[in-house]
Amino acid sequence: MSNAPQSNSQSVSPYSSQNAAVRAELSEIDASIRSSAIFFTISAIFWLLAGTVFALIAAYKAHEPSFMGDSALTTFGRMRSAHLNAMALGWGNNIIFAVGLWIMARLCRSPIRHGGVLLIAGAFWNIGLTLGIGGIIAGDITSVEWLEIPHYATPLLAISYALIGVWGIVAFKFRKGEHVYVSQWYILAALFWFPWLYVIAQVMIIWFPARGVVQSVTNWWFAHNVLGLWLTPMALATAYYLIPKVLGRPIYSYYLSVLGFWALAIFYNWAGVHHLIGGPIPVWLISAGIVASVMMVIPVIVVGLNHHMSVVGLHKEVWRSPTLRFVVFGAISYTLVSLIGSAMAVRSVNEITHFTHFTVGHAHHGVYAFFTMIMFGGVYYMMPRLLNREWPSAPLIKLHFWGSAIGITVMVVALQIGGWIQGVEMNNAEIPFLEIVQNTMPWLQARTVSGLFLTVGHIAFAVNFFWMLFAAGAVRAKQGPTLLDSTSKEGAA
Amino acid sequence: MDVDSYTDLMPIILLGVVFFISAIGMLYWSSKRGQLRNFDDQASTIFTDEEPEGEISDSFPSK
Amino acid sequence: MKNLPLLFCGIFFALAFSFTGLILSSNIQLGSLTQTTETEDENGNPLEGEPLFPMQSVGLAQQGKQVYIEMGCIYCHTQQVRRAGFGADIDRNWGPRQSVARDYIMQDRVLLGTMRTGPDLMHVGGRPLNADWHHLHLYNPQITSKGSNMPPFAFLYETRKIDGEPSADALQFPPNSEYGPEGGYEVVPTRRAEALVEYLLSLKLNYSLPEAQIVE
């Protein structure tokens with residue numbers, strides 16, 4: 001773990017330009033979005049911690065069912081749903097509103113207008129979500145996967161979302177200069193796609209229920225697209241911005257990034273039906289979903305290749321940057337998780353993995369190892385530039401990285417091995433069901449252990465973040481808006 | 001309605017054809033307007049004088 | 001591609017494509033499914049005088065479905081039977097035939113589910129498990145299914161002092177069960193527990209449909 005900054009510090013100094021007038025542009029943009037970005041990051045971290053608590057309870061209950069079993073409030077179905085919504089809509093969306101919009105503002109090269117709109121929308125978003133997750137725990141859960149928030153909270157979410165989405169599109173409209181970077185496409189597209197998905201799913205499942213399994217098709221069209229057309233593009237946008245930015249080297253091929261974007265846009269949104277393979281819906285729908293899932297190999301390979309070629313030869317630099325350590329971990333996970341996902345959509349594989357913990361492992365692989373790790377990287381890059389301060393503690397960053405990296409690896413491996421065994425055994429009617437349940441126990445216990453690693457990582461992250469936020473002036477940078485490492489401090493390395 | 005009947009899906013299939021044709025049309029239009037030229041230039045738009053190309057801009061804090 | 005309207009068209013059409021392909025077309029194809037008889041005449045019309053399936057769930061069972069939703073049962077139990085030869089659903093006696101789209105048309109909220117931490121419940125009412133068994137199982141799954149990781153739903157039951165005659169609907173624990181109440185006390189289901197069990201017992205796939213016949 002010899003990852004301390006070393007003699008490369010000479011080249012690390014981010015501010016070689018001494019021309020203050022030129023330097024001011026980015027700083028001005030950063031300043032204009034500072035308050036909303038910090039607000040969203042704080043909210044995101046609170047939800048991350050709340051979601052972690054829900055996750056630990058649910059994970060522990062999966063092998064010790066009587067734990068906290070005396071109350072309907074903490075029954076497994078509700079804890080697990082509270083966890084999912086706290087993480088996806090609380091952590092995920094808030095951090096997207098922080099990092100994604102910050103990148104959007106920077107790429108539009110124009111200080112943002114109406115930052116107050118973002119703050120109001122953010123306040124409503126978090127109030128709506130608190131109400132919604134409270135509702136889930138209190139028993140108003142809808143039992144529609146990924147749409148558990150009760151109907152009285154969703155309009156709040158929809159309105160605040162609309163404000164944010166419109167803001168993003170307006171920011172793009174009033175950008176300076178002709179150029180558009182690939183990250184902007186991803187963010188713009190995702191900002192537009194998510195409300196469409198959300199509104200259609202709400203209307204067709206909750207408000208005016210469609211007939212029978214049309215609901216299920218809509219449900220999985222929505223739920224998979226939350227990953228595919230919301231979290232994924234936002235994380236890819238962040239990776240596309242941060243990898244070349246930190247390394248100071250343009251992306252390997254802009255052509256490939258264009259191809260990757262449109263292939264994702266066209267294929268991913270058909271893929272969700274693979275959650276219904278073998279289910280009571282027309283076979284052609286399922287086949288369409290399988291084809292699209294397999295076609296996803298194209299954008300994944302394209303993006304993976306592009307990121308890999310951008311990093312090649314600079315692996316040491318990646319390891320020395322907290323941002324890139326997280327982002328590259330996420331980018332590698334994207335390739336892995338997507339290829340596994342495509343394989344899981346093939347009927348013969350799905351026959352085994354469907355209905356098992358394998359899918360749970362896969363979901364965490366995507367949302368945590370890919371999306372969340374990249375967003376952590378984004379926060380590590382963004383905060384020093386917003387606050388003009390260094391991160392107070394390098395050991396805490398390392399603790400965060402290792403807690404998260406080890407935790408998620410253990411979780412994915414355990415759930416996928418355990419899930420595979422579970423699936424194979426479930427397809428053999430000779431094996432009694434309770435025996436299968438017993439055989440999953442060690443793997444579920446391993447998941448709880450992995451959760452402890454993740455908890456350590458998250459606490460390290462939160463401590464470091466609030467330390468940085470509140471220790472005003474203590475580690476204030478002496479020059480320029482960022483100072484992650486300077487030649488003058490080389491001795492400390 | 002017979003579940004195995006696909007004739008009801010004709011409007012959707014026609015709509016698909018229309019989508020496809022308009023996609024081709026948009027691509028043609030954009031190539032004529034020069035939207036597809038000089039792609040690689042856009043890759044360096046993320047660099048500014050403040051955070052220029054060729055410099056690594058992130059590392060562990062020194063403490 | 002720097003042109004906002006152009007970019008936007010592409011973004012719009014990408015999602016519009018799957019929206020029409022998956023959502024609108026499945027609504028066209030499945031949205032007008034109606035109840036029908038077990039077999040139809042040669043014109044595909046229901047037979048006169050025969051019962052129509054699937055039947056509408058009513059009364060207490062309908063309330064029980066609400067309890068099922070509130071407790072988040074769907075996160076560990078599916079309600080769908082895959083065809084013979086794909087998985088072992090039918091071999092495990094989870095249903096006598098595969099479930100098809102028409103089976104779900106009378107439901108306001110479709111609870112297909114995607115996770116089988118526990119067994120499928122599409123046909124649980126058709127299995128040889130009576131209300132007593134379900135009550136004990138819900139009160140504490142360890143009583144009937146040792147080693148299960150299903151959480152107990154004891155909070156749907158009331159433990160109370162036996163006042164005179166024991167209640168008729170008190171849970172019948174096995175002799176010397178470690179989960180039973182102390183002497184002089186009994187465990188009775190609340191109305192919600194009664195509803196939930198009624199719902200579970202109502203889940204039956206014991207009828208044929210023209211497109212999905214039960215083969216003996």
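Guide: What follows is a short chat about the confidence, a helix, an interface, a core and a few loops.

Visitor: What should I know before I start clicking on residues?
Guide: This is a predicted model, where local features need pLDDT of at least 70 and side-chain atom pairs count only at pLDDT 80 or more, while totals for chains, interfaces and linings use all residues. Residues are numbered from 1 along each chain as its sequence is written, and chains are lettered from A and ligands numbered from 1 in the order in which they are written.

Visitor: What ipTM and pTM does the complex get?
Guide: The predictor gives an ipTM of 0.93 and a pTM of 0.90.

Visitor: OK, helix 3 of chain A. How many residues does it have?
Guide: There are 33, running over residues 76–108. Helices here are DSSP runs of H or I with at least four residues, and strands are E runs of at least two, numbered from the N terminus. From first C-alpha to last, helix 3 reaches 45 Å, close to the 48 Å expected at 1.5 Å a residue; that expected span is 1.5 Å times one less than the number of residues.

Visitor: Where does it bend?
Guide: At Ala86(A), by about 30°. The bend is the angle between axes fitted to the seven residues ending there and the seven starting there.

Visitor: Is helix 3 of chain A mostly covered or mostly uncovered?
Guide: Mostly covered, with 33 of its 33 residues buried. Buried means 20 or more other C-beta atoms within 10 Å of a residue's own, exposed means 12 or fewer, and partly exposed is in between, with C-beta atoms placed from the backbone.

Visitor: Switching topic: how many residues of chain A are in contact with chain C?
Guide: 67 residues of chain A, in contact with 57 residues of chain C. Contact means C-beta atoms, placed from the backbone, within 7 Å.

Visitor: Which helix of chain A gives the most to that side?
Guide: Helix 6 of chain A, with seven residues. The residues on that side of chain A divide into 36 nonpolar, 22 polar and nine charged. Nonpolar covers Ala, Val, Leu, Ile, Met, Phe, Trp, Tyr, Cys and Pro, charged covers Asp, Glu, Lys and Arg, and the others, Gly among them, are polar.

Visitor: Which residues touch the most others in the largest nonpolar core?
Guide: Of its 212 residues, Tyr186(A), Ala190(A) and Leu196(C) touch the most other members. Helix 7 of chain A gives the most to this core, with 22 residues. A nonpolar core is a set of buried Ala, Val, Leu, Ile, Met, Phe, Trp, Tyr and Cys residues joined through C-beta atoms within 7 Å.

Visitor: Last one: what does Met115(C) touch?
Guide: Phe355(A), Tyr75(C), Cys76(C) and Thr78(C), not counting residues up to four places away in sequence. Met115(C) lies in the loop between helix 2 (59–70) and helix 3 (131–139) of chain C.

Terms used
Contact = placed C-beta atoms within 7 Å.
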